[in-house]
Amino acid sequence: MKHLIRLALGLFLATSLVGCAVNPVTGKQEIIFDSVAQDIETGKQNYIPSQQSQGGQYVVDPGLTVYVAQVSKKLAAVSDSPNLPYEFVVLNNDVPNAWAMPGGKLAINRGLLIQLEDEAQLAAVMGHEIVHAAARHGASAKSQQMVVGAGALLAGVAVATKKPEYGGLTVGALTVGATAWNSKYSRDHESEADVYGIKYMVKAGYDPQAAVELQELFVRMKDNQAQGWIEGLFASHPASQDRVTANKAEAAKYPKGGARNKEAFQRALSQLRQDKDAYKNYQEAMKSAKAKQYDKALSLVDSSIQQQPRENLFWELKGQLLLQQDKNKEAIAALDKSISSNPNFFRPYIYRGMAYKELGNSNLAERDLVASQRLLPTQEASEELGDIALTKGDRNTAAAYYQHVISGGGEAGERAKAKLQKLQ
Ligand SMILES: [Zn+2]
């Protein structure tokens, strides 16, 4: 009982001393435990793992990222928190999605960019996301969960392992924080982001009508059940006619007109648009692979590679399919291409490591698996590294790797538990 009282008192003190903060956007008092410095640290720590677990950066056309960052920086500069260490990336992901982490770390998927028509619509997406960072919605959501009950952030585990874009890979416990930010915003936070996002758009010179069109686009995508809509933006940003109406009313508060910059947008998107069929074939290839039609998948992904030989995901899938057919040497050749196209993505290192292991080259396998762990720690790589350590007779190292796998839970965790028991 005494402990309980002390705990309650501690919570109360935490709330009254550091818990109250002014929302930089609305100017209202809110319960927020984290400091801005903690926000920035959270963003910094989770930004890379979050990018990795969602496809890594899009590298075929680096100019697109430069363009998205330019547009977004204009909005951040007129926001209510212009001094956050903002960063903007385009993720190599088909799912229509965008997100903001605390501390101003943002991302937009190429799967959402391809749906947009002009720069003003892009500004509507990024303006909305910038509000989430500027108004400290992540820290506020976290604090509210702390008041209601601890442990709510752990819910991120399920999200992280269920994402379809991992293919066969599950991602270990260390990436938990990353996806948790994405889906935790309340309805109030969402409408606040809509309202102030429009304000930032206008301040940066854009036509606020684009924010209405964006919501209309989301409703259309929902009605058509567009590919990936359920796990993308709409998981955290429910599309509805209400939001269209609300944005209409908000946009009407400002003078009509403003920049659309359609040509600049179309120019920036030209490579992505040119490669649209290649990505379509890739998605078909993934479907075929899941249905175990490996030859069909291989021929589809070959046509993707022919259309865009610089896309690391295409080479990776080819490597994965060859690995599946025990064509290890050919798999390695394809994965070499994937890694040289984008050396900063964790997944092909794992597959290449597996191929080297199959060929009995445990040193190269180890090198690749460790390289993947540096980008994103996964249960798969840890398990493989544990197995390799065991074949080398290094039981302590093997045990440490299996412990990491166990901490991630799931099927792999159970498997590692059995391996560890056998070892002891
Ligand atoms: Zn939002």
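Modeller: Happy to! Please keep in mind that this is a predicted model. Let's begin with L122 and the residues around it.

Colleague: Which residues is L122 in contact with, leaving aside its neighbours within four places in sequence?

Modeller: Contact here means heavy atoms within 4.5 Å. With the neighbours within four places in sequence left out, the partners of L122 are Y67, V68, V71, I108, L113, L116 and F265.

Colleague: Which residues touch the most other members of the largest nonpolar core?

Modeller: That core has 93 residues. As a general point, nonpolar side chains tend to be buried together in soluble globular proteins. Touching the most other members here are L64, I108, L113, L122 and Y200.

Colleague: How many residues of helix 5 are buried?

Modeller: A residue is buried when its relative accessible area is under 20%. Helix 5 is mostly covered, and its buried count is 16 of 16 residues.

Colleague: What distance does helix 5 reach from its first C-alpha to its last?

Modeller: Helix 5 has 16 residues, and at 1.5 Å a residue 22 Å is expected. The model comes close to this, with a reach of 21 Å.

Colleague: Which residue caps the N-terminal end of helix 5?

Modeller: Look for a side-chain oxygen 3.2 Å from the backbone nitrogen of A120. Helix 5 is followed by R136, with a positive phi near 60°, but the cap at the N-terminal end is D118.

Colleague: Now to helix 2: where does its kink lie?

Modeller: Helix 2 covers residues 36–53, and its 18 residues should span 26 Å at 1.5 Å a residue, which agrees with the 25 Å between its end C-alpha atoms. The buried residues of helix 2 include D39, Y47 and P49. The kink is about 35° and comes shortly before the proline P49, at N46.

Colleague: Which residue just after helix 2 takes a positive phi?

Modeller: The phi angle there is about 105°. The residue is G55.

Colleague: Stepping back, what percentage of the residues in the chain is buried?

Modeller: The chain contains 22 helices and five strands. Of the 424 residues in the chain, the buried part is 53%.

Definitions and conventions:
Residues numbered from 1 in each chain as written. Predicted model: local features only at pLDDT ≥ 70, side-chain atom pairs only at ≥ 80, totals over all residues. Heavy atoms only, no water. Core = buried A, V, L, I, M, F, W, Y, C linked by side-chain atoms within 4.5 Å. Buried < 20%, exposed > 50% of the residue type's maximum accessible area, 1.4 Å probe, protein only. Helix = DSSP H or I, 4+ residues; strand = E, 2+ residues; numbered from the N terminus. Expected span 1.5 Å × (residues − 1). Polar contact = N/O pair within 3.5 Å; in protein donor to acceptor, adjacent residues only side chain to side chain. Bend = angle between axes of the 7 residues up to and from the residue.
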